[in-house]
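Open your viewer and get ready to select residues. We will take this tour one stop at a time.

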Amino acid sequence: IDLIPKDVIIMIWWGDAHTRLSKMKNSPAYFGSKGFNYLAVAYKDKKNIKDWSELIKNKPSCMGLITTTWDGWDKNIDGIRYTAEMGWH
């Protein structure tokens, strides 16, 4: 990670905040401590979106919250809308 230029914006994605490795929970602090700005990338389900919005709250290195569209935009309108709402909290 120390070889990646600091102007690269990291996109952090993880599916579950309660994994045994705590990757989702620890990623914002880790990438922030390495000097990166990052985006949190939520999956379409509301629990994942809410978990990410709480994990990135008041994190100055976080540039925002986005959602994936692996199923297509038209199949994720509710997830996109909810991500936008949670991104403003």
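Where do Lys47 and Asp51 lie, and how many residues apart are they? Select both. They sit in helix α2, residues 46-55. Four residues separate them, about one turn of the helix. Keep in mind that this is a predicted model.

Now show their side chains. Lys47 and Asp51 form a salt bridge, 2.8 Å from N to O. Is Asp51 buried or exposed? Asp51 counts as buried because its relative accessibility is 15%, and the cut-off for buried is under 20%. Lys47 is partly exposed, at 46%.

Next, go to helix α3, residues 77-87. Select Asp78 and Arg81, three residues apart in this helix, about one turn. Their side chains also meet in a salt bridge, at 3.2 Å from N to O. Asp78 is exposed, with a relative accessible area of 56%. Arg81 is partly exposed, at 45%.

Now select Lys34 and Asp2. Here is another salt bridge, 3.3 Å from N to O. This pair links distant parts of the chain, 32 residues apart. Lys34 is in the loop between α1 (23-33) and β2 (38-42), while Asp2 is in the segment before β1. Asp2 is exposed at 57% relative accessible area; Lys34 is partly exposed at 26%. A search of the whole structure finds five salt bridges, including this one.

Last stop: the surface. Select Ile1, Ile4, Val8 and Tyr30. Together they make a nonpolar patch of about 290 Å². Zoom in on Val8, in the segment before β1 (10-13). Val8 is partly exposed, with a relative accessible area of 34%.

Methods: Residues are numbered from 1 along each chain as its sequence is written. This is a predicted model: local features need pLDDT of at least 70, side-chain atom pairs count only at pLDDT 80 or more; totals for chains, interfaces and linings use all residues. Side-chain values use heavy atoms; hydrogens and water are left out. Patches are made of residues with over 30% relative accessible area and no salt bridge: like charges are joined within 9 Å, nonpolar side chains (Val, Leu, Ile, Met, Phe, Trp, Tyr) within 5 Å. Accessible areas come from the Shrake-Rupley method with a 1.4 Å probe; for residues, only the protein chains shown count as cover. A salt bridge is a side-chain nitrogen of Lys or Arg within 4 Å of a carboxyl oxygen of Asp or Glu. Helices (H or I, at least four residues) and strands (E, at least two) are DSSP runs, numbered from the N terminus. Buried means under 20% relative accessible area, exposed over 50%, partly exposed in between (1.4 Å probe, protein chains only).
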